[in-house]
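Please find below a short note on the model under review. It is set out as numbered points.

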Amino acid sequence: MEISRRSFIKASLATSAAVAAGISISPEAKAQAEGVAVDKWVKGVCRLCGTGCSLYTGVKGGKLVAIKGNTDSKTNTQGFLCVKGANIWKVANHPDRLTTPLIRDAKGKFQKATWDQALTLIEKKFKEYHKKFGYDSVAYYGSGQCTTEESYTFNKLWKGGFGSNNMDGNPRLCMASAVAGYLSSLGSDEPAGSYTDIEKAKCVFLTGSNLSEAHPILFRRLARYKKDNPDVKIIVCEPRKTLTSAIADLWMPSKPGTDLAIFNGMAREIIKNKWHDEKYIAALGRVTKGDGSEALKWDEYVAFLEKFTPEYVETTTGCPAADIKKAAEWFAKSGATLSMWCMGLNQRSNGVWANNLVHNLHVITGMYGKPGADAFSLTGQPNACGGVRETGSLSHLLPGARPVAVEPWRNFVQKYWKVAEYSINPAKAINPKPGAHAIKMFSSIGAEGDETKPIKAIIISTTNPAQTLPNAAKYIKNMQDAFTVVIDIFPTRTAQCASVILPAAFLYEKGGVYGCSERRSFLTDKAINPPGEAKADLWIACQIAKRMGLGKYIGWSNEPDITKMAEMAWNDYIGCTANTEKTLKGVTYARLKKSTTGFQWPCPDEKHKGTERRYVRGSDPIFDDPGRYGYNIPKDVKEFFYARPHGKANIFIRDNVNDSEKTSKDYPFIMTTGRVIDQWHSGTMTMRIPETSASHPNSYVEIHENDAKKLGLKTGDMAKVESVRGFNILPVKVVNQTLEGIVFVPMHDQKASRMVNYVCSDIVDPTSAEPDYKVSAVKITKASGPQNVAEKYVVTKKELDNKIFS
Amino acid sequence: MIYSATIIYFDEKMKDEVVKNITAFKSVEIHHADYEKGKLVITIEAADSNEIEHIERELLTKSGIIDVEHFAFHFGEEVELMEQGEKVPDVGEMFKSHIDKKNS
């Protein structure tokens, strides 16, 4: 490269950064530097966590060659990016990309096929199974990484077109407890506030979230705020003292699964010291228990809490009594407390209850409805909220995140979709009964001849359940036995189980809308073409619809242009949900194309700029015309949880009990799993990026130094981590910043001997059906001395032919 | 090579020391500055993002530097390498530090 070109590239990037930083530069310098490095900048979002960072991809000669932050962004403010996101281009250009459809032959080998051959086989099988085994025998399992248009299209196809609710998605494994928590506590899914509450809070309560590694840009945002505002209190409540605790004023350790006692203990302390907000509770709170139907008296709640003394809670949870008192005081007296949580609360046998109890703390202290005060669930995937929760692409929901069992809403959707006219199911109606949730779905799939397995075929898109389902060995064979169609960009463990593999387009090769944790929908424009014959999921959904006789029903299925096709799907979606509180009716594709910030729902018309805070008059447009959305809001109230009867949020009486696996003499340790900063999900993408795979090339077991000493283990030794379900052989990492008796294993490694979900418990929360990844009873034994396992293992194209995982 | 455009936030009272510390890095250039508000725009030229992260960590140890935030990256050469070599180059292995370590 010539020096001058290098200098131009650097000057160009620096100019963009100067604009982002608010540093004034001369128009001449700006003009000189702009446009040299790339042919065009195309706006989009990062897809490697749930934050929703917005960025521009730089395209030159039809290739992605650069990335820069979006200075207008409301998520990654000032356009800052993390290094993980900056490497995303290597995914698009990677030689492992799947570029042609593959069909497994009679000998078990994959053979290249044309799209017509692959789609004809899918059509034949689906029609055969529908006829022979009924419409519920063909399932779909999607992802919080599909675009909103894709998830909505598959949802409409399955629930209305096929009349089957056997349509679920991987947010079941990460967000379902948060959904049920919001619905049962506040009446409507998703947070009331926004990321802007970070910079307005006086106290931040992080529980069940390793923000520093799972959401690094939000962590940096919080760290910057704390640095400028040292009086702001940050509390971190989790079993491991992670990097997140580095900015905390207080780390509250808790044994996995026991933090309900901490939340109840904090509530008791708040009420005992009269730090609660009596007026707020009287106006907007309601004590209840169980399913929430029975209203109880405040005194019953107070009496229930009596046993959660700080000393009792310390014994139960391992969290020092003094910390509980201090946290309660900071939480209640700050003036504005923001709670944020993630999988540490959700992936539990009592995940919904844990969510309810965090909401309790906010209701009794009046910590909603004002700047800096909210109970905010963070998502792990870039479009779990917009794509799956809001479009209702879980087995029990319909668009608008309303349950399929709710008759008036089901009737509305049925009519809107014209199910009676178009459905191929003779019932000509949406089934009122929820379909199979993820764990039930993968328990129920199997071979044609297996009478115990009612689901015979499944499409799995943009996710990797053969690696990510807990107790994985139980479900892998089912996927291998069924007619399994996998849509993905790379070979994966799930693709190894497939009958047909369809090569997918990457986000920047197709475009589409993602909706992040803060209710913000943002359009990624198509930047480049997909490699080979890879196609967008939306196109695939449309081809299946047409072949199944539903071409007219999916009205955009004949549109040749993928962007126009997506726009048509979007228009259908926002029309369907226009009269719900999740309305994006004002967010037309034209607005999305122009916008560099995206829009937060509710956004009811094209003049509306989107909603930063819900449930507050003057901010939330639902207050302006509640009847349109089926709500009744008194004219004299300023704040109102309108999706709840009488606008009152539930204060749940929930005891610290759970169905999690218990330790025993044989299995004396609790294993918890989670993310590391360098990797994401099953490593399908990040284990193929040299920088991130070099930083985290393999899984390991993190163990407290006292436990390690007792077991004769040193860092680097190999340990067998074994549950009643299976085992891993992992290198040991001895630490002193966790509780004794608890071990941690990252979840990203694809190597069969280190796939942690062979070990994990598949107990699920009874309400949300979300699995209990955070609590598995295990035993640890030394397997050997140190071995080199830094393999950066990924499933290869060649390995797809072999159903045995190596 | 990868290029990053990075914003440095610093204590404006320590401007001279901060600038001196930054210019000591051979692969770092200062492009724009707002000395009154304690902001600098630099570019980092590196073999891979690990090296960028390494420089970021080094910068954060220097007195007066409050924060280091990346804004943009350019990796055109790496795209060309991938296309030519049909593999994702782990160019970190070309580093002198890596070679020294390997040879030691």
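This is a predicted model: local features need pLDDT of at least 70, side-chain atom pairs count only at pLDDT 80 or more; totals for chains, interfaces and linings use all residues.

1. Residues are numbered from 1 along each chain as its sequence is written, chains are lettered from A and ligands numbered from 1 in the order in which they are written, and side-chain values use heavy atoms, with hydrogens and water left out.

2. Chain B contributes 41 residues and chain A 46 residues to their contact (heavy atoms within 4.5 Å). The buried area is about 3,900 Å², with 64% from carbon and sulfur atoms (accessible area, 1.4 Å probe, lost on being put together, summed over both parts). Of the area that chain B buries against chain A, 19% comes from B:Phe71, B:His74 and B:Phe75, more than from any other three residues.

3. Six salt bridges are counted between chain B and chain A (a side-chain nitrogen of Lys or Arg within 4 Å of a carboxyl oxygen of Asp or Glu). In one of them, B:Glu29 joins A:Lys10, with the closest N and O atoms 2.7 Å apart.

4. Strand β3 (residues 63–69) of chain A runs antiparallel to β4(B), joined by three bridges (strands are DSSP runs of E, at least two residues, numbered from the N terminus; two strands pair if DSSP finds at least two bridges). Here A:Lys68 lies opposite B:Ala72.

5. Within chain A, an open sheet with mixed pairing has the strand order β12-β11-β23. Its edge strands are β12 (295–296) and β23 (649–653). Five bridges link β11 (residues 285–289) of chain A to β23(A) in parallel, and A:Thr288 is opposite A:Phe652.

Methods: Helices (H or I, at least four residues) and strands (E, at least two) are DSSP runs, numbered from the N terminus. Buried area is the accessible area (1.4 Å probe) that two parts lose on being put together, summed over both.
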